[in-house]
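Please read the following report alongside the sequence and the three-dimensional view. It is meant for someone meeting this structure for the first time.

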Amino acid sequence: MAVYINGIGTISPQVTFGDVPFLEAPKDVTGNRLTCIEPEYTGWIDPKAIRRMSRVIRMGVASAGMALKEAGLDKPDAIITGTAFGCLEDTGIFLTKMIENNEHALNPTPFIQSTHNTIGSQVALLLQCQGYNQTYSHRAFSFEHALLDALMMLEEKPLSVLVGGVDEVTDHSFSIMNRFGLYKDDSVSNLNLLESKTNGIIQGEGSSYFLISSEKGSNAYARISNLATLYKPVDGTEIQKWIKTFLMNQSLSSNDVDLILLGSNGDVTKDSVYSEVASSVFPNAAVGVFKHLCGEYQTSNAFAMWVASKILKDGSIPSTVLKKKTNQNPERILIYNQHLGHHHSLILLESC
Amino acid sequence: MRSLIHITGLGVVSAIGNSVDETLQAFEKGTSGIGPITLFPSIHQNQLPVGEVKLTNEALASMLGLQQPITRTAMLGILAARQAVKDSGIKNLNSFRVGFISATTVGGMDRTENFFIDYLKDKTTGNLDDVVHHECGSTTELIADDLGIKDFISTINTACSSSVNSIILGSRLIDKGRLDVVVAGGTDALTKFTLNGFNSLMILDKEPCRPFDASRSGLNLGEGAGFVVLVSDRVLKQESLKSHAVVSGYANTNDAYHQTASSPEGRGSFAAMQQALEMSNISIRDIDYINLHGTGTQNNDSSEGTAIQRLFGDEVPKVSSTKAFTGHTLGASGGIEAVFSVLAIQKGWAFPNLRFKTQIPELNYKPLQELRKGLTINHVLSNSFGFGGNCSSIVFSKG
């Protein structure tokens, strides 16, 4: 059974919506926090509704609308969302007010909108979609499990499924994560991220929804072949064995992968896991990267899937993505991402 | 054709007991778990009754053999999940492809809300140990790591319908042949955050709650965890396990009406129940008992009640909400009530709807007032609905 990506909406720290060339002029930001470039929301959401929505809900709802529009569809059969942190802004607002006001006279709106499923349910509410609605909040498996759920649904019957990965960074979350020592100092340019040779990451965020279907749409980007997740592998050998088994289960070998798109995030102590996979498992494939464009966040694979889908549709790899060139046309792309060594994932896409 | 998904293990902790046995005793004696707030200081302490698990964090940690308490959500989850695995009788868990799927709405909020008190005064203060397990997924991993499960780990958060959705996902993963055994359910601790959130919505009853009663005036928050062990038919036979029940049908829909309110006619809940029955391949007459979502709010009970009446007409089976015993345990409620539903099948019991007095005038039926024993319960329908219009229904059947 083939699964096609028929429409995509992506809001990210790059200009990734509207009629713009594909990552031709990536934004150069100095600092350790990349923030999304947001669209004019009035084109996507009722102005009255926009006021009530926090930023992450706006980004989610608008990117869902973009994906549907590209696919030429009014309403999907199911909406499946992955978000590791959910609605942090509203959570922070309600917590702050609760403590500052000593539990008195609290506005319920931020509480109502603080639950992780608010994004997916607001999409359903605005589209009047009464079908299957699901939200995964499992760290760096959130988007991957949303996608797995969608693929399993499509195994059962022909449907159109809206599947997305959405996460925001707020001042509170940034300042708390900073105290954990996760970030680089703020003098790095994102475009030099992978050459920084320093510890730590730069924080990112983003929202991507995909309209996927067992029927190929007129605007189709790519086919999704399969995905896999691996939790807390003991060492690099287990990771490499897992990748080879994944390919074998698709009746493929590493030579069948034209481009390996890696989640390298510029953390000098952690990035070797990516380079080892690239050199040991995929010596003949082209190598691409994406986190200098979107930053590190737990649903960043949704951004990666947008990058890979665009490459397969266009048939060329933007220079900002390409790290190692080959002569092959990019027809099969494997995305390999991992988060803090605990959550590893693979998504395999093919041209269609 | 779908394969049989068996439930071979049950684990539960809630305001009415720290195990299946204690839970059954509470149902027999009609003992409610609702009482005053003791877990944290709050201006609502003597105003709003809640359903607390009767264990302090220190007692939980010591019971579990932990050196120091971790988040309450995770400890409640570990307690219930360990019980479920033990009850399943699986000896060589790691010889199978095993999944652990949990659900939670608050995650580590019970500790984050303490962190924030210091942090708001000075951003460089607040103990980072209190936020390190804030994420929903972190709660799940603390439990999964305790059980030694790593093949598939996931977390669902669809508010109050979350843990039914984790049981549904587990069933689908086994049905598709991706996993052999799944421990699925959910856990949520009582927090000041949720207490104040629901209070700001003005849907908390100042008295012990009265679900499905004409005089109902809101819900009581509860806490706890409920997990089931799901296995494929092959594993059941190969390991000579006992099937407590099977998962025979389920559905997940969205009401798409309002962020927090349900549609008056219960269109989402109607569709969820109808589709779950359809998948089970049974008729409305085959359902022997419905474990209601039944929170005790005006809106939920009227919407759910109407949807049931529309679907079942004059043949509404025995129904009750067990939330008058436990309080509304949010992300854990579907898991806890799945355990109750399977116990109903195993024991031939239908649970009472505690404190019920007056029938809702719009409805042609009323919930059970007394515990009923000695019944033949072949099929139980369990409902879980949540904020954001998320509606899930599941049918458990005699194996």
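## Basis of the description

This is a predicted model, in which local features need pLDDT of at least 70 and side-chain atom pairs count only at pLDDT 80 or more, while totals for chains, interfaces and linings use all residues. Residues are numbered from 1 along each chain as its sequence is written, and chains are lettered from A and ligands numbered from 1 in the order in which they are written.

## The two chains

Chain A contains 11 helices and 11 strands, where helices (H or I, at least four residues) and strands (E, at least two) are DSSP runs numbered from the N terminus. Its radius of gyration is 19 Å, close to the 20 Å that the globule rule gives for 352 residues, so chain A is as compact as a globular protein of that length; the radius is taken over C-alpha atoms, and the rule is 2.2 Å times the number of residues to the power 0.38. Along the principal axes, the C-alpha atoms of chain A fill a box of roughly 60 × 45 × 40 Å. Of the 352 residues in chain A, 58% are buried, a residue being buried if 20 or more other C-beta atoms lie within 10 Å of its own, exposed if 12 or fewer, and partly exposed in between, with C-beta atoms placed from the backbone.

Chain B comes to 12 helices and 10 strands. A compact globule of 399 residues would have a radius of gyration near 21 Å, and the 20 Å of chain B agrees with this. The C-alpha trace of chain B spans about 60 × 50 × 40 Å along its principal axes, and 65% of its 399 residues count as buried. Among contacts in chain B between residues at least 6 apart in sequence, 79% join residues at least 24 apart, where a contact means that the C-beta atoms of two residues, placed from the backbone, lie within 7 Å.

## Where the chains meet

The contact between the chains takes 45 residues from chain B and 44 residues from chain A. Several elements of chain B each supply at least two residues to the side that touches chain A, among them helix H4 (109-121), helix H5 (136-147) and strand E6 (245-254). Helix H7 of chain B gives the most to this side, with 5 residues. By class, the side of chain B that touches chain A has 15 nonpolar, 22 polar and 8 charged residues; Ala, Val, Leu, Ile, Met, Phe, Trp, Tyr, Cys and Pro count as nonpolar, Asp, Glu, Lys and Arg as charged, and the others, Gly among them, as polar.

## Two domains in chain B

The domain assignment of chain B gives domain 1 (5-238) and domain 2 (247-397), with bounds that come from an automatic or database domain assignment. The C-alpha centres of these two domains of chain B lie 20 Å apart, and their contact takes 62 residues from domain 1 and 54 residues from domain 2. Elements that each supply at least two residues of the side of domain 1 that touches domain 2 include strand E1 (5-13), helix H1 (20-29) and helix H6 of chain B. H6(B) gives the most to that side, with 7 residues, and the classes there are 31 nonpolar, 24 polar and 7 charged residues.

Helix H3 (residues 72-88) of chain B has 17 residues and reaches 24 Å from its first C-alpha to its last, close to the 24 Å expected at 1.5 Å a residue; the expected span is 1.5 Å times one less than the number of residues. H3(B) is mostly covered, with 15 of its 17 residues buried, and is followed by Gly89(B), whose phi is positive, near 75°.

Helix H10 (residues 298-312) of chain B has 15 residues that should span 21 Å at 1.5 Å a residue, and its end C-alpha atoms are 21 Å apart, which agrees. Its buried residues include Asn300(B), Asp301(B) and Phe312(B), and what covers the buried residues of H10(B) includes helix H9 and strand E7 (289-291) of chain B.

## A buried asparagine

Asn165(B) lies in helix H6 of chain B and is buried, with 32 other C-beta atoms within 10 Å. Leaving aside residues up to four places away in sequence, Asn165(B) touches Gln134(A), Ala103(B), Ile156(B), Thr158(B), Asn252(B) and Ser392(B).
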